[in-house]
Amino acid sequence: MTLNIAHRGARSIAPENTLAAADIARTIGADLWETDVNVTRDGSLILFHDDHLKRTTNVRDIFPHDPGTYFLKDYDLDSIKMLDAVQSQSYSNGLGDYRGERIPTLQEALEYTKSVNWPVNLELKMQGPGLKCDFPLPQETASMIIKMEMDPDLVIISSFNHQWLMDISLMLPGFKIQALVEESPLGHHNTVKDMFKNTCKNEMDYYGKNSVINSFNIFNINNDNITIGEITHLKSMEKKVNIFTVNEEDRMVELINAGVDGII
């Protein structure tokens, strides 16, 4: 069976990466939800995708005199909690009236997922110019999951940073990890080191010299850069394959017929 994975929740109906978007996705039948784990200036873990606050919040209304970058790394959790999770000008764009919907913390998200017994895929966001550098995101995420006594069947960890995934697999044995890749991992050039671009230092050490294809069993692959033949090859190697982001029905049918494990 191909799983229906709600990308940042039901983000076409409610503001992305909010508990409202998650709950709507669950109500209308998604098998699980996917969300992004990010970090504030004071080290609080929140659900947020971008490295700046402009696209999905009303930060310019609440803090009109702040520098124009509005980078997430410059705001603490108290400031984040003052924001609506959509821009003020977006209230009439088909999302309904979600004024007052807040950006959740990771703890709030895990509490929700635990209370409704519905799985979540946590993507650990790569660090960049607008994000908090040198923060131990996998360690802090694992600590929160352990603190919350989460069932391994309810939490999946994914990331483009494959070293983080290797680290977290040691901290959370029994939890599923999924390697995010922009294209098929079958190419010989796709070593673990290749995935560590667009970080604060633009380079990172990496574990060993194993290829990505030999390091992971589950891959989340960009829909724009994968062929049905490559999917078939991966499945023949007993790899699990999830495809992101797919919104066209014809492509969904094609992927289901190819035997993908999940569509994000």
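1. Helix 1 and helix 4 meet in a right-handed crossing. This is a predicted model. Helix 1 covers residues 19-27 and helix 4 covers residues 106-116. They pack at an angle of about 20 degrees, and their axes lie 11 Å apart. Angles under 35 degrees count as roughly parallel, so helix 1 is roughly parallel to helix 4.

2. Now the residues of that contact. Helix 1 contributes Leu19, Ala22, Asp23 and Arg26. Helix 4 contributes Glu108, Ala109, Tyr112 and Val116. By class, the contact of helix 1 with helix 4 has five nonpolar residues, three charged ones and no polar ones.

3. Helix 5 spans residues 137-147, and helix 6 spans residues 162-171. Their axes are 9 Å apart, and the packing angle is about 30 degrees. That angle makes helix 5 roughly parallel to helix 6, because the cut-off for roughly parallel is under 35 degrees. The crossing of helix 5 with helix 6 is right-handed.

4. Which residues make the contact between helix 5 and helix 6? From helix 5 come Leu137, Pro138, Gln139, Ala142 and Ile146. From helix 6 come Trp164, Asp167, Ile168 and Met171. Seven residues of this contact are nonpolar, one is polar and one is charged.

5. Leaving aside residues up to four places away in sequence, Arg251 touches Asn223, Ile226, Ile228 and Val246.

6. Asp78 belongs to helix 3, residues 77-80. The relative accessible area of Asp78 is 61%. Exposed means over 50%, so Asp78 is exposed.

7. How far apart are Asp78 and Asp42 in sequence and in space? In sequence, Asp78 and Asp42 are 36 residues apart. In space, they are 9.4 Å apart, C-alpha to C-alpha.

8. Helix 1 is roughly parallel to helix 4, and helix 5 is roughly parallel to helix 6. Then turn to the two residues.

Key: Residues numbered from 1 in each chain as written. Predicted model: local features only at pLDDT ≥ 70, side-chain atom pairs only at ≥ 80, totals over all residues. Heavy atoms only, no water. Axes fitted to C-alpha atoms, helices over the stretch in contact; angles between N-to-C directions. Helix = DSSP H or I, 4+ residues; strand = E, 2+ residues; numbered from the N terminus. Parallel < 35°, antiparallel > 145°, perpendicular 65-115°, else oblique. Left-handed = near helix turned anticlockwise from the far one by under 90°. Contact = heavy atoms within 4.5 Å. Nonpolar A, V, L, I, M, F, W, Y, C, P; charged D, E, K, R; others polar. Buried < 20%, exposed > 50% of the residue type's maximum accessible area, 1.4 Å probe, protein only.
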